[in-house]
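Reader: I would like to learn how to read a few features of a structure. Please take them one at a time, with the general idea before the case.

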Amino acid sequence: MLMIVFQIMFLGTLGSRASPSPTPPLECNSVDELQLIEGALVKHQSYPQWGIGSVERVDHDQGVAIIRFYGRDEVIKHCALGDLIRHRYAPGDQIFAITENCFGIVQSVQEYDGEMTYQTLFGNRRKGIPESNIRPQVLEPDLFDLLCEGVSVDSHRFLLALQARHLKYAYRYDQLACLSNARIELLPHQVFVTDKVLRDYPHRFLLADEVGLGKTIEAGLILKELRARGAAQRVLIIAPAGLVSQWVDELRSKFNEIFTRIDSTNLSAHIAFCGGDVEQVWRSHNSIVTSLHMLRSNERHLEPLLTQEWDLVIFDEAHHLRRSLEGRRNAGASDLDGRKISAAYRMAQRFQKRTTSLLLLTATPLQLHAYELFSLIELLDPTLFPTFHDFDQYRTKIPQFNRAADRLDRYHELDDAERFALAKDLAALTASERSKEQPVNMYVALESPEGREQYKARLADAHYLTRVLIRNRKRIIFDDLQPRRARVRRVTYSDAEWEAYHAVTAYLQEWYNIALRDRNNALGFLMVTYRKILTSSSYALRRSFLRRIERLQAIKRAGNLVRQRTTGELPEDEAEELDLLLDRYGEAVAISDPNFIDLEINQLHALAAKLAKIALDAKASGLMTELAEILHDPNEKVLIFTQFTETLSYLHKLLDPLYQVCVFSGAMSAPDKDKAIDDFRETCQIMIATEAAGEGRNLQFCHIMVNYDLPWNPMRIEQRIGRVDRIGQKSPVQIINLSIADTLEERVLQVLHERINIFESIVGALDPILESIEQDVRDFMFDSDGDPATRMRQFEQQVSDRVHQVEQMEARLADMLLDASSFRRDRADALLGRRPAFTSDDVCRFMKQYLTFAGGVVRERAEGIFDLTIPPKMSVGMRDGLKDSYHVTFDAQIAQRQDRLDFVAFGHPVLDRVVDLCLDESFDGRIGYVTLCSTEFAPQQVIISFYEFTFEGIRPHRQIQAVATSIAGQILPDLAARALDLLAYAEPTEVTSKHHGLSDTAVDHCRSVIEAEAARARMREQQVQEGANRREYEHTVSKLQRYYAANILSRTRDMERLDRLAAEQQQSNDPKERRIAPATQGRAAAARREREALEAERNLRLGNLSRKRSVFASE
């Protein structure tokens, strides 16, 4: 609790107590010796500080009783009966029932044969509790007692504790606190998606926005909100291997969320640190990002992870969780229904039972067959569609939903017959098992705008997909993007360049064919990468060849001639540059023969000599001409992309003497990357960047981009363009592609432009399906069979087929009601426009006050930018401790512009530590005497108490309740409603530790009034929470029962079918049939075990859920 005084004078108390001080008895009567029985509750008239006592024995002959009193100390006293008075709890009081082992709220009281019985509410159950079954709580000195005793207080501590509690609760319970606690430029659709997911429980959704709309940001916002509300303590993120680092970095930099990376690169170190205990690795971290590829291929590491319970699990690139109908009944990866299930999908099936909330992220929820989408939905909510047949039947209704929604939008254009037909369709589409509205009633209701909005909402609610699937599309979300304008700067090779080009092409073809023949993927990867470097720069290719020569010579000298083989594909790691990856596979050799190695070394020497003859690349010359034309305007900026760090270095040396140039590559440290972005924004004319700048960087202050070389993957190209083609771009986006005339690369560029329109269209539908085009390009480049014209036609046809496949997928997903449910601009604008419960200024002021109080230093270096010096004592007791100083901002917009600054918001270790310190019991900031001026209320002396109520049910809920009274004991509800804001943000005119001057009688009277009002407030809120909890309980139980009923029925049918089949096989005249009968019996037994396991699991989950059926309240 909290206590304050001001002119208006606040006398406040702040605190949280596990068991409240009991309200004074409704009435206390002198003890009648004949009525006093064992177990009765009494008080001593002369020693009220002993608290409530329970009669243990009565000696009527002597006129005394043995009483166990529960005051500040638990004591046993012999008392004269005449000195005792009966204690009676009042309706609204909270009591602890021994047999129930929990607190309840008194509803009424009756007396029978000398014993009080209290009708008590436990959640939504009522039960009579005799007073002998009530255990009075041992009371510590409460804050009212301390006031009466006139203890010395530190009111500065009181104000800090109050501000800390206000910030914490505002962050935890304010709607979308992430709006001011993330270092991101929030887009309306991202805010809407976050709000939609959080309003549903449990939070299980498929986030299927098109590429480039920020599914990772949406997941981060949801995670941040759930963390703020205490609903996501344990979080597991499972992503493809190449995205694990990116997840860790983005959560840290954008959301102040620190996650531990556990993948194949460091798992051994984690296991060693935990003494070889794999389970301890997963148990010792609450926030983990791990690799999908590692888990699905290593059962030994997966099993210990599946023993853990999680609050939230996120699967990125969830289209890897595949299940198809093409399985064979005897296939090891098939289930009893013959469905083919990938290891990743089986893993997801097990995780979905181990987590409360589940997010699946993919831009391609449906690639080839509707069964893929059904399979992902089944992971989220198996009760929506019990079988694929149900889902397939439902899909046929989607056009009906869309036609109805379209007619609702055009209602004013419809004639009477069309309107009545719409009413009939709506009645059919929105009918439920419980009710079906008559079309004539709908026809009448549709005449009003409110009625049409109501039925539009009901139509969306009847559309089951909107309950688990969110899919936003760029063409719907963005209506103000700048146009893209692409052009080609075509250059011609010199004779020296052509000579080198043909010689290198022949070398690459020869060694690529050897790699294919020997299934040597590492060597094949090298040749493919060299092919990409070939048209990037002669400098980069020559440097790569020289490094290759050094590697081969070292291998030969060491006698290490073991051929480098790998199995499966060697996908590029998106976190690294291609030429950095060459170091990983650069020792690949074809065969264990020194002469063969000498042959390649000689070839490479000859090629390097030809490349050395090129003085200036034709492409570099063309770039310089282009830049001279563009940068004639000194205000323009140009972003140049290349795939290779060696090409970046070559261009940097070439351009740096002429222009202000900065570079950005994956090899740079995080601070250097941030500085490069700042330099490009503020001073530099040119930034030369590798693919590392193609992810997560906002460069819309530049609108001209040059593709010096082109990735073969269209999605990499889109990611590049997306750095400048973003919300906030003020000018048309210019894309300049450098192309070498008459090369295969030029033809690839033409196909990408003409068939896909990759450079000028907004790629949304061209999602990860098109990543397979990279393989088509590779085949085209290295296929030596047939004439070039035929190969070109085949390549063009393959690309056209890919595009057609995507268009078909989009047509199957086209759903206007889903679009409307996934994004409502009015709702998003309202969320973005609302006033937050606290601002960055509030956090800044709180931090300044605390650090000044604690002996730290806050120095403002520039507007909104500060240096914080942290006193060493703040790190005492911390596992990792704090740094001595921080360069920070509290402003999210400044943080977005200057990545090098620490963004101090919830999740940052300094703010989190300060809040924890202020709320710790040892901080002793529970009482304060403060004087402040207010124009809202008349001058007076008041006492304000703040109670923290906790309600446990399906979802826990906590709130702070203020109760304010005048010194005369008059309740002041208006002041109580404003007290927290007044005290947290007002500047006091006096903060003192002097005694308040109130009499003990006045404090005791206020105590009675405040505690009675607090009990009534708690009971009112508990009734509200009971209603909400009951609805969630019924909804959750219904879903669980439907899920298990469908699955148990399916297993029962499997078992019966297999039993019949086994019997037929046993009685068959065919020996082959009789031989396979035992195997069929084994499958029937497996189905029986699965059914029994499902029944046991159902009973366990329903039993656990039943314990949350009622809401239990505590203070």
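Author: We can begin with the largest cavity, which is lined by 20 residues; T535, K619, D709, L710 and E745 lie nearest its centre. The model is predicted, so to speak of local features pLDDT must be at least 70, side-chain atom pairs count only at pLDDT 80 or more, and totals for chains, interfaces and linings use all residues. Residues are numbered from 1 along each chain as its sequence is written, and side-chain values use heavy atoms, with hydrogens and water left out.

Reader: What is a cavity, and which elements give two or more residues to the lining of the largest cavity?

Author: Rolling a probe the size of a water molecule over the atoms shows where empty space is left. A cavity is a set of points, on a 1 Å grid over the protein atoms alone, where a 1.4 Å probe fits but cannot get out; lining residues have an atom within 4 Å of a point. Here, helix 19 (521–534), strand 25 (733–740) and helix 27 (744–756) each give two or more residues. Helix 27 gives the most, five residues. Helices (H or I, at least four residues) and strands (E, at least two) are DSSP runs, numbered from the N terminus.

Reader: How many cavities of 30 Å³ or more are there, and how much space lies in the largest cavity?

Author: The search of the whole structure finds eight, and the largest holds about 220 Å³. A volume is the space filled by probe spheres set on the points, with grid points joined across faces, edges and corners. Its lining has ten nonpolar, four polar and six charged residues. Nonpolar covers Ala, Val, Leu, Ile, Met, Phe, Trp, Tyr, Cys and Pro; charged covers Asp, Glu, Lys and Arg; the others, Gly among them, are polar.

Reader: What does phi say about D742?

Author: Most residues other than glycine have a negative phi. Phi of D742 is near 65°, a positive value in a residue other than glycine. D742 lies in the loop between strand 25 and helix 27. N256 also has a positive phi, near 55°, and sits in the loop between helix 5 (244–255) and strand 13 (260–262).

Reader: Is D742 buried or exposed, and is N256 buried or exposed?

Author: Buried means under 20% relative accessible area, exposed over 50%, and partly exposed in between (1.4 Å probe, protein chains only). D742 is exposed, because its relative accessible area is 59%. N256, at 12%, counts as buried.

Reader: How many disulfides does the structure hold?

Author: A disulfide is a covalent bond between the sulfur atoms of two cysteines. The cut-off is a pair of cysteine sulfur atoms within 2.5 Å. The structure holds zero. The cysteine sulfur closest to that of C684 is in C662, 4.0 Å away, and therefore too far for a bond. C684 is buried, at 9% relative accessibility.

Reader: In what order do the strands of the open sheet run?

Author: Two strands pair if DSSP finds at least two bridges between them. Four strands form this open sheet in the order 7-8-9-10, with antiparallel pairing. Strand 7 (94–97) and strand 10 (125–130) are the edge strands, each pairing on one side only. Strand 9 (residues 115–122) is joined to strand 10 by six bridges, and L121 stands opposite R126 in strand 10.

Key:
On a 1 Å grid over the protein atoms alone, a cavity is a set of points where a 1.4 Å probe fits but cannot get out, and a pocket is an open set with protein on both sides within 12 Å along at least five of seven lines; lining residues have an atom within 4 Å of a point.
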